[in-house]
Amino acid sequence: MFDAIKLFYSCVGVIFVIYLLGYSTFLILSVLYGSLELYREKKKKKYHNEISHDYYVPVTIVVPAYNEEITVVDTVKSLLMMDYKLYEIVVVDDGSKDNTTQALLDAFPLRKVNRPINQQIPSKKVVDVYETVIDGVEVTLVRKENGGKADALNVGINAARYPYFICMDADSVLQRDSLKEIVKPVLQDDTIVAVGGLVRISNCAVLKQGELVDYHMPWNPIVGMQILEYDRSFMASRVFMDRFNGNLIISGAFGLFRKDMVSAVKGYDTSTMGEDMELVVKLHSFCRINKIPYSIRYVPDAICWSQCPSSIRDLQKQRRRWYLGLFQCLKKHRRMFLAPEYGVVGYVSYLYYLVYELLSPFIELFGLLTIILAYAVNLINVPFMILFFLIYALYGAVLTITAFFARIYTQNIRLSVLDVLKSIYLCLAESVFFRFIQAFTRMTAFIGYRKKKNVWGQIQRQKIQLNQSSEQNVEKKIEGKK
């Protein structure tokens, strides 16, 4: 009996070594590749060895808004500062219960119009449409019945006049050159169906005329750990997977899509909480099954600044939603798993998200229970185990700090000595404390799933930090229109 237990623990040990080795190998390869790619792009820009053009892809920016009266006006103001010649803004008020629509009507010279919106993608009923033109940019406000973020995005796509659209959140701000950067792949390759941009945390940033003028590491450790996590995850997985057209996620905070392709797959899925990932996976599936040449790209120089939760409670709401969205998406598209017709997307991308994102909390819980049982029967070397996990945590922290400072360097951001020290401290805390919060949130995400599987949960918003002179410039443009 004892020999059987020893054999069981030996097998479990081998499985966990393979599991950790696989994740560590992927992480170090992707972080190193991402860092080298960023340095290469920075060097290219230094010597002006990049595309310079006077051609502009017409783009519609779709902003879904539900109870966003605090942030939506500043978001639209920031979009009016874009260094781009041919774009429009479509804000979709998804039946807000606060003063989202009124805040927009008070801030901008919007006029109610009788404009029919063709429902290429099925959606909830449109109630009112308002329009104006500010400094050559068409601004449209669509008020509709509540149907969720996915439904609001579908209405925005239906209302879009241009062949490409960008989806973004109402609490986000685009950097001034983001539109120029995100359309570059479209100018290079006509098979592009979607492009993802980089999302960075705006809680610690101040923008002036769409340019970053102040950046610091926050005192709030919850925000600080998310800053490090974002920089690592965007560099580790998305830059690396972009190499083989394997990205399965384009963040809902900032992504460019070809309208006709999205309409062909019936837009965003309103039955899932991860509508951003589901759309990208659906585009992969549609193009591969129908043998349509396509490419889904990621551009780290196209930057969107977005708010993140500042409390553990709000963080858990957000991560529960992300995790359940991941589960719903992988379940819906499970036929992709190791299927030859999906190529590297099924063999690598799907497998990664299944094992290291969806199943990871349960694998780690099983490992923890196994350690406790092994300790109970005296089958574990406690000092060696502690040393092993400390080395693993330090290894993860080093990779995180590498990704963070690589991004800081390539954006020419200067940090104070205090900010550097805070970053190192938060890096160590993130590899232990933040990981525990993530694991607990994921393991408990399915509690009450049937009743709350489509409930997003409201997160407390803060006013976006726009530089005062930036706001004054936009105000002048608005006053000129009034």
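**Ground rules.** I took the model as predicted, with local features needing pLDDT of at least 70, side-chain atom pairs counting only at pLDDT 80 or more, and totals for chains, interfaces and linings using all residues. I numbered residues from 1 along each chain as its sequence is written, and side-chain values use heavy atoms, with hydrogens and water left out.

**Aromatic pairs.** I looked up the ring pairs and found eleven in the structure. Rings of Phe, Tyr and Trp (its six-membered ring) pair if their centres lie within 6.5 Å; planes under 30 degrees apart count as stacked, over 60 as edge-to-face and the rest as tilted. I noted Phe165 and Phe257 as stacked, because their ring centres are 5.5 Å apart and their planes are at 25°. This pair links distant parts of the chain, 92 residues apart: Phe165 is in strand β6 (residues 164-168) and Phe257 in strand β11 (residues 254-258). Helices (H or I, at least four residues) and strands (E, at least two) are DSSP runs, numbered from the N terminus. Phe165 is buried at 1% relative accessibility, and Phe257 is buried with a relative accessible area of 1%. Buried here means under 20% relative accessible area, exposed over 50%, partly exposed in between (1.4 Å probe, protein chains only).

I also found one aromatic cluster formed by Tyr19, Tyr352, Tyr353 and Tyr356.

**Helix α10 against α11.** I checked helix α10 (residues 344-358) and helix α11 (residues 360-376): their axes come within 5 Å and cross at roughly 45°. Axes are lines fitted to C-alpha atoms, for helices over the stretch in contact, and angles run from 0 to 180 degrees between N-to-C directions. In α10, Val355, Tyr356, Glu357 and Leu358 meet Ser360, Pro361, Phe362 and Ile363 of α11. Contact means heavy atoms within 4.5 Å.

**Helix α4.** I looked at helix α4 (residues 149-159) and found it mostly covered, with eleven of its eleven residues buried. Among them are Lys149, Asp151, Asn154 and Asn158.

**Cys308.** I placed Cys308 in the loop between β12 (295-306) and α9 (312-332). Its relative accessible area is 6%, so Cys308 is buried. Leaving aside neighbours within four places in sequence, I found Cys308 in contact with Ile201, Asn203, Val223 and Gln226. Cys308 and Asn203 are 105 residues apart in sequence and 7.0 Å apart in space, C-alpha to C-alpha.
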